[in-house]
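Let's take a walk through this model together, going from the overall fold to a few individual residues. Have the sequence and the coordinates open as you read.

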Amino acid sequence: MCLTSAQKKLLKAVPTSTSQDATTDAKGGNYYVSGNDPGRMVIVDSTKLEITGEVPVPSDTDLIAFNPQSGMVYECNDKAGEVWVIDPAAKKIVTTIKVDGSGVEDLAFDPEYKHLYQAVKGKNTIAVIDPSSNKVVDAWPLAPDKGPHGIAVVPDSNGLLVACASKLVLMDRTTGKILATVPTGARVDEMAYDPGLHIAYCASRQGNISVVSVEPDKLTSLGDVPDAQGTGDIAVDPKTHTVWIAYPKDGQCVAQPFTPAK
């Protein structure tokens, strides 16, 4: 589903089947979609809004990220502790990164694309991956917090935000040290960070979004904003500061925006 954020209208629905996430290749003019039924990565032309190819993967997919420096796509296995590294030009998996844990959730690159941070379930860690070698070089524990899901890099500091079970955790993304935590709604799946307003948004699937002010070594709860029950998908437009959520309703996917007070 492709929308214009300014006019808030549907441009076109692209039939990617059951999709979990998407990432953008601005230079190449593509969207890469993690699709299921069956598991694959779908390539969508961002101008024509048409499918131009796909890459089969051996299991169900989840979240996805793109490295513009290498041109590689990183797609999470929804069933096991591994990440597929996909060459979209060659339309093939080039390697599989194994992580120590029962499964993986969100992933994010640092601003220089020197490290990829991967939330790992079961072990309750953040795996640090070197994209030049596609090897895990470290694993940072989140204890006593558990259930890492959504993560986001804080680009103007050395912070990494991790949405755990009923907590948002701020880590130092050089050392893995936990700098601060703050309570959030339960069952947070994805989260989004607005670097201009220094605000994090955590979608809890409980009918509310937890809003958190982010400082270099401090997190402050700004309260909860009501949203649709079951919302787990969330993104923010850094230019307009509009927050977008997506949720199922009457057998369809609905996208809904709101603009927070500045």
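Contact here means heavy atoms within 4.5 Å. Please keep in mind throughout that this is a predicted model.

## Overall shape

The protein chain is built with 25 strands and zero helices. Its radius of gyration is 17 Å, close to the 18 Å that the globule rule gives for 262 residues, so the chain is as compact as a globular protein of that length. Along the principal axes, the C-alpha atoms fill a box of roughly 45 × 45 × 30 Å.

Of the 262 residues in the protein chain, 50% are buried. The chain exposes about 12,100 Å², and carbon and sulfur atoms supply 50% of that area. Among contacts with a separation of 6 or more, 36% are between residues 24 or more positions apart.

Strands of a sheet pair through backbone hydrogen bonds, either parallel or antiparallel.

Inside this sheet, β20 (residues 199–203) and β21 (residues 208–215) run antiparallel and are joined by five bridges. A200 has V212 in β21 as its bridge partner. Which residues does L222 contact, leaving aside its neighbours within four places in sequence? L222, found in strand β22, is in contact with I199, V211, V212 and S213. For one of these, I199, the separation from L222 is 23 residues in sequence and 9.1 Å in space, C-alpha to C-alpha.

Is strand β4 mostly enclosed or open? Six of the seven residues of β4 (residues 30–36) are buried, so the strand is largely enclosed by the rest of the structure.

On one side of the pairing story is β3 (residues 18–25), which runs antiparallel to β4 and is joined to it by seven bridges. T23 has Y32 in β4 as its bridge partner. The two strands form a hairpin with four residues between them, and G29 in the turn has a positive phi of about 70°.

Next comes β5 (residues 40–45), also antiparallel to β4, with six bridges joining the two. Here S34 stands opposite M41. β4 and β5 form a hairpin with three residues between them, where D37 in the turn has a positive phi of about 65°. The peptide bond from D37 to P38 is cis, with omega near 0°, and P38 is found in the loop between β4 and β5.

## Backbone geometry in other loops

Most residues other than glycine have a negative phi, and most peptide bonds are trans. With that background, a few more places deserve a look.

The peptide bond from A143 to P144 is cis, with omega near 10°; P144 is found in the loop between β14 and β15. R205 is not a glycine, yet has a positive phi of about 65°. It lies in the loop between β20 and β21 and is partly exposed, with a relative accessible area of 26%. H241, in the loop between β23 and β24, is another residue other than glycine with a positive phi, near 65°. At 11% relative accessibility, H241 counts as buried.

T242 sits in the loop between β23 (233–236) and β24 (243–249). Is T242 buried or exposed? With a relative accessible area of 6%, T242 is buried, since the cut-off for buried is under 20%. Its side chain makes a polar contact with the side chain of T240 (3.0 Å). Not counting residues up to four places away in sequence, T242 touches A235, V236, D237, P257, F258 and T259.

K146 lies in the loop between β14 (135–141) and β15 (151–154). K146 is exposed, with a relative accessible area of 55%. Leaving aside neighbours within four places in sequence, K146 is in contact with N124, C164 and A165.

Conventions
Residues numbered from 1 in each chain as written. Predicted model: local features only at pLDDT ≥ 70, side-chain atom pairs only at ≥ 80, totals over all residues. Heavy atoms only, no water. Pairing = 2+ DSSP bridges. Rg over C-alpha atoms; globule rule 2.2 N^0.38 Å. Buried < 20%, exposed > 50% of the residue type's maximum accessible area, 1.4 Å probe, protein only. Areas by Shrake-Rupley, 256 points an atom, 1.4 Å probe, with all protein chains shown as cover. Polar contact = N/O pair within 3.5 Å; in protein donor to acceptor, adjacent residues only side chain to side chain.
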